[in-house]
Amino acid sequence: MSEPPRAVFGGRRAVPPNNSNAEENDPPTVELQGLVPRGVNLQDYLNVTGVHLFKERLDSNKVDHHTDKYESNNLIVRRGQSFYIQIDFNRPYDPRRDLFRVEYVIGRYPQENKGTYIPVPIVSELQSGKWGAKIIMRGDRFVRLSVQSSPECIVGKFRMYVAVWTPYGILRTRRNPDTDTYILFNPWCEEDAVYLDDEKEKEEYVLNDIGVIFYGDSNNVRSRSWSYGQFEDGILDACLYMMDRAQMDLSGRGNPIKVSRVGSAMVNSKDDNGVLVGSWDNIYAYGIPPSAWTGSIDILLEYKSSQNPVRYGQCWVFAGVFNTFLRCLGIPARVVTNYFSAHDNDANLQMDIFLEEDGNVNSRMTKDSVWNYHCWNEAWMTRPDLPVGFGGWQAVDSTPQENSDGMYRCGPASVQAIKHGHVCFQFDAPFVFAEVNSDLVYITAKKDGTQVVEAVDTTHVGKLIVTKEVGGDGMKDITDTYKFQEGQKEERLALETALMYGVKKPLNTDGVAKSRSEVDMDFEVENAVLGTDFTLTITFQNNSPNSYTISAYLTGSITFYTGVSKEEFKNETFDITLEPLSLKKKEVLVRASEYLGHLLEQASLHFFVTARVNDTGDILAKQKSTVLIVPKIIIKVRGSKMVGSDMVVTVEFTNPLKETLQNVWMRLDGPGVTKPMRKMFREIRPNSTVQWEEVCRPWMSGRRKLMASMTSDSLRHVYGELDLQIQRPPS
């Protein structure tokens with residue numbers, strides 16, 4: 001009979017790669033060192049009869065390790081910090097003749113030198129930074145241990161065994177899923193690479209399971225809540241599964257730099273069948289529109305159960321799911337929004353906007369795009385791979401934009417390095433630097449093939465960078481963590497440093513901005529509710545003693561929030577005569593009937609005004625976006641707001657449009673209050689109201705939030721939320 005085929009490792013390694021937390025290979029329950037003499041019964045030696053892990057939600061192990069919110073029946077602890085276990089024996093333990101130890105094993109091919117097989121020695125005193133177990137109590141037939149893990153331990157789900165030595169070999173407990181122990185990163189441990197010293201920041205960036213994500217534009221900042229749900233049942237396993245799908249070696253899973261880089265690749269599905277399929281074309285067949293999601297829970301659980309990418313996501317969905325992944329594993333993280341974010345294809349710090357000779361935009365030649373906003377994440381960690389001073393917040397981005405080392409991922413890039421222009425430090429710092437620092441360069445493409453730089457706008461890109469404030473739902477401006485103020489000498493130095501380290505800047509635009517025209521132009525767009533008319537006001541200021549005539553051209557386009565134009569819905573030309581030292585305003589009415597039939601899901605309109613001063617040939621150019629105000633969902637609650645008590649939640653929406661909404665899906669979510677749920681309405685007629693009622697029974701006390709979204713064939717990005725204070729039941 002022929003031998004079964006064996007794995008071939010090409011002579012390079014003795015064991016296969018150990019890259020799956022889920023795969024197992026149990027050590028033997030009996031390891032004999034020879035034959036056992038007749039008449040010797042191994043059961044007469046010390047035998048383990050039970051193991052207690054003190055893993056209930058209110059037990060000190062979970063409370064002290066800040067893991068009491070996780071919905072799991074297993075023990076979950078944070079590395080570098082001691083926890084308690086109790087081992088029961090068949091007879092009293094005698095330290096003079098009995099020898100035992102605890103073992104932690106992860107993966108299918110555990111090795112001690114890789115940190116995947118951890119024999120924990122019994123010691124008289126625990127040593128900082130090392131694995132050890134100290135006996136703190138001895139009973140009749142049990143011992144209680146204080147076990148301390150290494151602050152550099154692999155993060156994942158470990159199998160636990162107790163091994164007892166006899167003169168004839170080792171007796172080991174059987175595989176028991178109830179003793180499986182999850183070990184996470186520990187921001188409370190000073191020796192951990194993710195240590196964060198501020199208690200309120202740990203409460204926000206690790207333990208808060210509800211967040212706020214900002215969108216819209218810098219003049220009209222909008223916000224929506226997002227359910228991270230990192231403690232919900234099954235989410236921790238889904239996050240570990242993501243690293244398994246990436247075939248990330250288990251030995252690297254204790255390093256937050258590697259974990260966050262793998263996570264940024266795995267949240268998108270572009271080249272590795274990761275969690276989310278990105279779609280920016282407004283067509284969402286066979287999937288969920290990005291604006292319909294209320295949080296990460298449904299997305300991660302569906303990915304884990306189907307083992308296929310979930311459809312669909314855009315930047316704030318990628319960032320929301322990535323934030324869940326990071327916080328769930330114990331890495332402090334937050335979602336950041338950059339308004340007017342440059343997607344600079346060649347990282348040359350220039351967004352080139354080409355104009356025709358008459359001032360119109362040449363869309364064929366204009367390739368770079370400025371996103372109205374872009375969301376990414378920041379993760380907190382030390383950077384021992386970089387010089388001192390570049391640890392702290394690291395930018396990580398899971399939206400698939402550009403290839404990095406062969407995969408669609410970005411970061412971690414030190415925010416401090418980006419601010420000072422040190423773009424030579426890994427990973428992907430030049431791309432992030434360009435996202436917040438690029439110049440808008442207006443170039444006239446002449447018919448004879450020559451190009452003339454008309455104007456440079458150095459302040460448009462990276463105008464405002466924000467995140468959620470600590471302990472509240474407000475906005476925190478963090479622009480100054482990414483860049484110095486425009487015009488400061490430090491800002492110039494940071495740019496020169498970036499150029500020295502190889503960021504390209506092909507056109508010399510330094511003199512262009514200074515040779516300004518004697519005429520200034522600006523315009524404002526009135527805040528408008530979806531479905532109403534609004535006014536756009538263009539202002540011309542003549543700063544000279546001369547009279548001028550101006551030919552102006554206005555275009556209005558429906559745009560994706562990525563700055564890519566879908567359709568032009570308005571164009572208008574007009575002439576203005578400017579008296580010396582005068583100011584003149586021109587009002588343009590934009591009718592609802594002009595834009596309503598073409599709207600995309602974020603109700604984003606982009607206006608571009610170009611003007612030629614006929615007497616001097618100067619070109620003036622300005623662009624602005626506006627996001628129409630979309631109606632809100634109303635959420636009401638009646639009944640007792642108490643853990644374990646039923647309350648009725650009503651979700652209500654009124655259609656404000658003059659058309660019937662078709663295929664309406666409403667979603668409701670609230671971590672600790674209700675599992676995510678959804679309901680379909682075939683249609684909602686104009687000005688009519690629909691109501692949806694559900695009975696919920698909260699299981700977490702404290703400040704909670706209900707979130708709802710509505711999506712339909714012709715109206716999307718509709719949200720509503722309600723803050724709740726859930727009481728504890730009377731004891």
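**Getting to know the model: Ser227 and beyond**

Q: Hi! Is Ser227 buried or exposed?
A: Ser227 is buried, because its relative accessible area is 0%, and buried means under 20%. Keep in mind that this is a predicted model.

Q: Got it. Which strand is Ser227 found in?
A: Ser227 belongs to strand β13, which covers residues 220–227.

Q: And which residues does Ser227 touch?
A: Leaving out residues up to four places away in sequence, Ser227 touches Asp209, Thr294, Gly295, Ser296, Ile297, Asp669, Pro671 and Met707.

Q: Let's zoom out. How many helices and strands are in the protein?
A: The protein has eleven helices and 40 strands.

Q: How much of the protein counts as buried?
A: Of its 731 residues, 55% do.

Q: What box do the C-alpha atoms fill?
A: Taken along the principal axes, the box is roughly 115 × 60 × 60 Å.

Q: What about contacts in the protein between residues 24 or more positions apart?
A: Such pairs make up 68% of the contacts with a separation of 6 or more.

Q: Switching to charges: which residues form the negative surface patch?
A: That patch is formed by Glu152, Glu190, Glu191, Asp197 and Asp198.

Q: Where does Glu191 lie?
A: Glu191 sits in the loop between β11 (181–184) and α2 (199–205).

Q: Why does Glu191 count as partly exposed?
A: Because its relative accessibility is 41%, which falls between the 20% and 50% cut-offs.

Notes. Residues are numbered from 1 along each chain as its sequence is written. This is a predicted model: local features need pLDDT of at least 70, side-chain atom pairs count only at pLDDT 80 or more; totals for chains, interfaces and linings use all residues. Side-chain values use heavy atoms; hydrogens and water are left out. Patches are made of residues with over 30% relative accessible area and no salt bridge: like charges are joined within 9 Å, nonpolar side chains (Val, Leu, Ile, Met, Phe, Trp, Tyr) within 5 Å. Accessible areas come from the Shrake-Rupley method with a 1.4 Å probe; for residues, only the protein chains shown count as cover. A salt bridge is a side-chain nitrogen of Lys or Arg within 4 Å of a carboxyl oxygen of Asp or Glu. Lys and Arg count as positive and Asp and Glu as negative; His and the chain ends are not counted. The place of a charge is taken as NZ of Lys, CZ of Arg, CG of Asp or CD of Glu. Helices (H or I, at least four residues) and strands (E, at least two) are DSSP runs, numbered from the N terminus. Buried means under 20% relative accessible area, exposed over 50%, partly exposed in between (1.4 Å probe, protein chains only). Contact means heavy atoms within 4.5 Å.
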